[in-house]
Amino acid sequence: MIETSQIIPLFVAIPLGGAFLTSLTSKKLNWLADILGIGATLVLFVLSLMSVRLVYLYDILIYKVGAWNPPIGIVMVMDGLTSFMLVTVNLVAFLIACYSINYMEKFTSKWSFYTLFLLMLAGMNGVIVTGDLFNLFVFLEIAAISSYALVAFGTEKHELEAAFKYAIMGSVGSLFILLGIAFLYAYTSTLNMADMARVIKEQGASNVTILVTVLFLMGFGFKAALVPFHAWLPDAHPSAPAPISAMLSGVLIKSLGIYALCRIIFNVIGMTTPISNILMFLGALSMVVGVFLAIGQWDFKRLLAYHSISQIGYVVLGIGIGTPLGILGGLFHLFNHSVFKSLLFLNSGAVEYSTGTRDLKEMGGLASKMPMTGSTSFIASMSIAGIPPFNGFWSKLIIIIAAVQASHYWYAFWAVLASILTLASFMKVMKYAFLGKLGEKWNRIKEVPGFMQLSMLLLALICVVGGLLVLPSVSEVFLRKASDALLQGVDYATTILSNV
Amino acid sequence: MMPYLLCLILFCEGLYCVLRKRNLIKIIIGVMIMDYAVNLFFVLIAYKMNGRAPILSPDTTIMNMVDPLPHALVLTSIVIGLATTALFIAIAIRIYQKYGTFDITKIKELKG
């Protein structure tokens, strides 16, 4: 009889093992790299769905690494928020791995792409499952370093420049996080997150916790590209190959930035009104600045990158409101954004694959030649702009309602305004890229190959039915569990320590 | 108190180097200085006057032992720093091959 908690380390072990095997065996055999990449991500996706079921049954699962009891040993924790993030990350990763089969043909070393991809996935899953603060930092660096390398994957002028910028800013951000961990360790003399929460609760808030909060806000703010720290994102995300842009915008900034920040602020340090105000302000600022910068862009992927900043603002605003409805809306928008933003980046990749350009001015009428890309990107655009039947509408609606209920009318107003501007800028994308008259030189382009179409179709399908997640019976198992995990606050400590 | 202040100054020096220098290699050195400052801070946390290593043996009891955990953390952090630095330098070399310069004011094709 295997214990159920044995499932947790698999989320790190499978992609790490996959990365190792890929680098070992697939240098000459491209098909083997494909199979390993798809296989590992598919298994992870199935396991993450199982984890939702397990959390429904047991509420919380704890795996002790090396059978050492906390607070001495490292623990891996699976609660509602963990399984929610795991589903988000692994769903997107699986579909992107499918897409990469065809897309990455034009690059020479597919095996190193899959190796780095799986390594990044291992880092992200590790950040999500770990219950130890320094362990979180190590996994964060694994994911971050492989993402620096992936941004530079094309090794052309622009890719290298963007990767250098991203790597320097990212590692300065990481150092702030490490400094925060050092202060927190000196204050609590433990590294286990649950135990830390217990000690902080006993000793009460002090100047050290405020300093640490600020350091974490800066560090994770860099990772999440909140507005004062966003300068690397519009360079790094467009320069990467399309599947990696989708991965970075879709899940990396969320699992490394938002998830880690929320976990530490809500469950370890404890949410207070000033932090809530700061989060809401940063969220609203990102939302508005991101969308204003996006409107003027003519590079398809750069436009999408600015929208990532703006949509992350919605997530942070929702979570920052701090009411149950606000957190639910924020997390729901996190899931939705990872779906439609990956889809949009995959669309831009498909357009680039067929036409070889990212400039919106050169395109036009592509929907007639590429029906699948055109229709899926229409669905994704409507989702991100918040048009009713699609998933983006529901999450934005919940966030706005939560803001109004908490009587933050101005924030609600900015959220509505940013949504309208998002719609405007995606109207521009649709008009210039997919509708209108077909340009002379695009007469001979073809629709993209099968696997790319398949993964875009599946993501579009999730955009359409994603709104169903707010139905009470569905959200009870998935979203509600996730927001409950944040809402319990520093009681996280007792939940974990009593369950060992 | 003095060592902590010096450690802070070292960190700020690295940050200044990252923000103000124009040469790619100097920026990389700046990040490394910041990295060392944080590592030094970890070691300072664990330091104890006249402390001893906590090695357990049957017939001795150690009264004044240092905290061994930050040392282990610093080792990990140094390894991570090594990987990051290697990647930085690899990217910097490739940039030099493409642009023919290390000056960041001349490497700015991405805008907007």
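Begin by selecting B:Met2, which counts as exposed because its relative accessibility is 54% (exposed means over 50% relative accessible area, buried under 20%, and partly exposed in between, with a 1.4 Å probe and protein chains only). This is a predicted model, in which local features need pLDDT of at least 70 and side-chain atom pairs count only at pLDDT 80 or more, while totals for chains, interfaces and linings use all residues. Residues are numbered from 1 along each chain as its sequence is written, chains are lettered from A and ligands numbered from 1 in the order in which they are written, and side-chain values use heavy atoms, leaving out hydrogens and water.

B:Met2 sits in helix H1 of chain B, residues 2-20 (helices are DSSP runs of H or I with at least four residues, strands runs of E with at least two, numbered from the N terminus).

Staying in chain B, select B:Lys106 and B:Asp103, whose side chains meet in a salt bridge at 3.5 Å, N to O (a side-chain nitrogen of Lys or Arg within 4 Å of a carboxyl oxygen of Asp or Glu). Here B:Lys106 is exposed at 58% relative accessibility, whereas B:Asp103 is buried at 18%.

Next, move to chain A and select A:Lys201 and A:Asp491, a salt bridge whose closest N and O atoms are 3.4 Å apart. Because A:Lys201 belongs to helix H7 (residues 193-203) and A:Asp491 to the loop between helix H20 (479-487) and helix H21 (492-499), the pair ties together parts that are 290 residues apart in sequence. A:Lys201 is exposed, at 54%, and A:Asp491 is partly exposed, at 38%.

Finally, select H21 of chain A, where A:Tyr492, A:Ala493 and A:Ile496 are buried. These residues lie on the same side of the helix, because they cover an arc of only 95° around the axis, an arc taken from the directions from the helix axis to the C-beta atoms. The buried residues of H21(A) pack against strand S1 (61-64), strand S2 (75-78), H7 and helix H10 (242-269) of chain A, where contact means heavy atoms within 4.5 Å. On the face turned away from this buried side, look for the exposed residues A:Thr494 and A:Ser498.
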